Amino acid sequence: MAAVMMTNIGYLQLFMAFLGFLLILLWLYYYWHQSRNSPILKWPLLGMSAGVLWNAHRIHDYVTHCLKQCPTAKLLEFRGPCFANHNFLLTSHPANVHYILSKHFYNFQKGPKFKKIFADIMGDGIFVSDQSDSWASQRMSIQSLLKNGRFQQLFEKTIQEKVLKGLIPILEHVSVTGMEVDMQDLFTRFTFDNICMFVLGMDPGMLSIEFREESYVTAFDEIEEALLHRYILPESCWRLQKWLQIGKERKLSRGIKVVEHLVFQCISLKQERLRKGDKEGMSFDFLTAYMENDDDGDHQLTAGLEISDKFLRDTAINLLAAGKDTINVCLSWFFWLIATHPLVENKIWEEIIKAKNINREIRDDKMWWIFSAEEVRKLVYLHGALCETLRLFPPLPFEHKASVKADILPSGHKVGPDSAVIFSLYAMGRMENIWGPDCLEFKPERWISEGGGIVHVPSYKFIAFNAGPRTCLGKEMSFIQMKIVAIAIICNYHIQVVESHPVSPSSSVILHMRHGLKVKVNKRCV
């Protein structure tokens, strides 16, 4: 009797196990059925986060792949874990982008989530401020400074001197010795020295033949990787890591301390000099302009702004981040592209030669390749090649917005209040419905009209410099700086990528090259 009962209990346990297994299969099938039309599988409890985490090492290409699988609206409704508020809309549709950045700009701000992610490093600076904050006052102030004649003189003089006395000697040394050099590292040093001069009024001297190790740039790189990590993970996860000071959050905290030390040191030194009335030799950089304006009691430049140490800290870091990355990222990808497309390089070279024959005789002038800001504006093909680089490899690969009120996008999708919308600039540059069947090809010609001028492309289609009221104030200066550098290198050297060197985008909020750009530099014969 006991044996029979034990047998029955065994069958019951098997039946219950089978029933449980069947219920799990039905549960999984339900979730599969719910997400069968989505390019990202939605898992129980985890939502779509599993696919994102699995592809975190290639996140930008993964997002592009997912958006390409979507219908013509190119919009994906991302659902994160059920235990975290990590849902958002992901789009690459130009009409949606135009609606968000321009038509309904007032209803789409950076939002609280964006601020939580970036506040530790950016504070209340212009890139995290919203319309309801001090954004408009900060923008007007920065715009006024960029248009100032003294600043424009500092800008052009600094760029040309840094090219002549910093960049060229290093490339000359590399070409003579035959050594390999990481061009991304070189451009990072170049742009960091320059932006420190423009913002802080000091030259850290990173661009030198010694290639000495500096903590500043490493700190920025670690900060950028950690910020993308915050985007991918639910807030509760990265906040726990921050509290425990582990993983990328530990690197983020360490990087912020390094950057803050540099900025506060410059603020302190300038304040001391101004207190003593020692203005001799002080450049017209951003920090000096703000401090002098506030010290003199002339608040025209700083109207609506409170010039505290925190304001100076936040403004400086925001501008350092913006100026450091746009130029070096674009130049790195640009030289990789022309190194792998020699016909494009030859056309740029021919355009430069033609421009110099028109403007000035070359003769025996060893510095003939130094162009002024006005001269570089006439180089149409070079401009097209840089735009094409920015289309394929935008320094900021995605943009984040949050709705203030409920809204409906042009694609027909409903957006609830305080809903996050992310659009991928990287994916937009690779969409056939935007750029045609040759969208993956590097073709500067797509930017040049039949009459030989620059083709106007709507900013919501090509948003490397943002669009609408938040269009980048430094767009023109960025192009000038990139052209001056590109001309100097192309006229003097031929860049050859080291054989078998891997090239791919890094997983960061900034589209650096994951492994840098290792090249050989050969002297060009004029």
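Predicted model: local features only at pLDDT ≥ 70, side-chain atom pairs only at ≥ 80, totals over all residues.
User: How many aromatic pairs does a search of the whole structure find, and is the pair of Phe 151 and Phe 286 stacked, tilted or edge-to-face?

Analyst: The search of the whole structure gives 19 aromatic pairs. For Phe 151 and Phe 286, the ring centres are 5.4 Å apart and the planes meet at 80°. Because planes over 60 degrees apart count as edge-to-face, the pair of Phe 151 and Phe 286 is edge-to-face.

User: How many residues apart in sequence are the parts that Phe 151 and Phe 286 tie together?

Analyst: Phe 151 belongs to helix H7, residues 149–177, while Phe 286 belongs to helix H12, residues 286–295. Both of these phenylalanines are buried. The pair therefore ties together parts of the sequence whose separation is 135 residues.

User: What is the arrangement of the rings of Phe 155 and Phe 198?

Analyst: Phe 155 in helix H7 and Phe 198 in helix H8 link distant parts of the chain, 43 residues apart, and both are buried. Their ring centres are 5.4 Å apart with the planes at 45°, so the arrangement is tilted.

User: Which residue has its charged end over the ring of Trp 349?

Analyst: Arg 430 lies over the face of a ring too, but that ring belongs to Tyr 426, at 3.7 Å from the ring centre. Over the ring of Trp 349, 4.8 Å from its centre, sits the charged end of Arg 524.

How values were computed. Residues numbered from 1 in each chain as written. Heavy atoms only, no water. Phe/Tyr/Trp six-rings, centres within 6.5 Å; stacked < 30°, edge-to-face > 60°. Helix = DSSP H or I, 4+ residues; strand = E, 2+ residues; numbered from the N terminus. Buried < 20%, exposed > 50% of the residue type's maximum accessible area, 1.4 Å probe, protein only. Lys NZ or Arg CZ within 6 Å of the ring centre and 35° of its normal.
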